[in-house]
Amino acid sequence: MKPNSLKFIGITGGIGAGKSELLQYIGRHYKCEIYLADSIAHEVKTPGSKCYRKLLELLGEGIIGPGGQIDKAKMAARIFSDEGLLKQVNDILHPAVREYLLERLERARQGGKTELFFVEAALLIECGYGALTDEMWYVYADEETRRKRLREYRGYSEERIDGIMSSQLSEEQFRESCDFVIDNSGTLAESFAQIDRKLEAFTWQE
């Protein structure tokens with residue numbers, strides 16, 4: 001495989017669409033690297049990092065939890081209902097996440113062994129990743145299926161589900177911004193088959 005020939009793919013979709021299960025499948029069977037924006041956001045704000053210092057300056061030491069780490073719940077409580085503060089936090093985190101990803105992408109390109117490079121985030125479109133990726137994928141599931149999954153697997157109340165869903169993009173907005181749609185309303189086997197057809201040009205691994 002030639003350097004710089006890997007494909008950079010963004011995966012997004014509403015809560016409960018099943019992105020995690022599909023990425024686990026891709027990770028098992030393709031020569032890929034997979035990054036979750038939420039995990040990266042946690043990593044870039046570890047003690048000693050630029051993000052860590054900037055967040056403490058903005059939000060105060062009250063957000064520090066055990067071991068000196070930034071406590072996610074404390075930070076969320078600090079910025080709750082304050083859109084201005086939330087924007088300032090995002091202005092610190094999003095560029096750091098992007099920088100982290102692009103560094104890993106360049107490393108993967110130079111390594112020459114990775115064929116597919118994935119990043120997953122609910123806010124991928126809003127954060128402008130469409131301009132960075134080669135393709136954007138939308139994992140779709142109908143609303144009732146998503147609600148059922150969130151009730152059964154995460155124990156969410158209807159009120160909580162309503163709140164989260166109302167804050168996310170509509171199905172039309174997701175579809176308009178993405179190049180490929182995986183319908184994950186049915187069985188996982190059906191979704192896996194859609195992925196395999198899409199990636200048939202890439203190396204399959206048992």
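**Aromatic pairs and a buried helix face**

Me: Is Phe8 buried or exposed?
Reply: The model is a predicted one. Residues under 20% relative accessible area count as buried. Phe8 has a relative accessibility of 1%, so Phe8 is buried.

Me: How are the planes of Phe8 and Phe117 arranged as a pair?
Reply: Phe117, with a relative accessible area of 0%, is buried. The ring centres of Phe8 and Phe117 are 5.3 Å apart, and planes over 60 degrees apart count as edge-to-face. Their planes stand at 80°, so the pair is edge-to-face.

Me: How many residues apart in sequence are the parts that this pair ties together?
Reply: Phe8 belongs to strand E1 (residues 7-12), whereas Phe117 belongs to strand E3 (residues 116-120). The pair therefore ties together parts whose separation in sequence is 109 residues.

Me: Which residues form one aromatic cluster with Phe8?
Reply: The count of aromatic pairs comes to ten. Phe8 is in one cluster with Tyr35, Tyr100 and Phe117.

Me: Over which ring does the charged end of Arg98 sit?
Reply: A charge counts as over a ring only within 6 Å of its centre. The end of Arg98 is 5.1 Å from the centre of the ring in question, that of Tyr129.

Me: What arc do the buried residues of helix H9 cover around the axis?
Reply: In H9 (residues 188-198), the buried residues are Ser191, Phe192, Gln194 and Ile195. They lie on the same side of H9, because the arc they cover is only 155°.

Me: Which exposed residues does the opposite face of H9 carry?
Reply: The buried residues of H9 are covered by parts including helix H1 (19-29) and strand E5 (180-183). The face turned away from that buried side carries the exposed residues Ala189 and Arg197.

Methods: Residues numbered from 1 in each chain as written. Predicted model: local features only at pLDDT ≥ 70, side-chain atom pairs only at ≥ 80, totals over all residues. Heavy atoms only, no water. Phe/Tyr/Trp six-rings, centres within 6.5 Å; stacked < 30°, edge-to-face > 60°. Helix = DSSP H or I, 4+ residues; strand = E, 2+ residues; numbered from the N terminus. Buried < 20%, exposed > 50% of the residue type's maximum accessible area, 1.4 Å probe, protein only. Lys NZ or Arg CZ within 6 Å of the ring centre and 35° of its normal. Arc of directions from axis to C-beta. Contact = heavy atoms within 4.5 Å.
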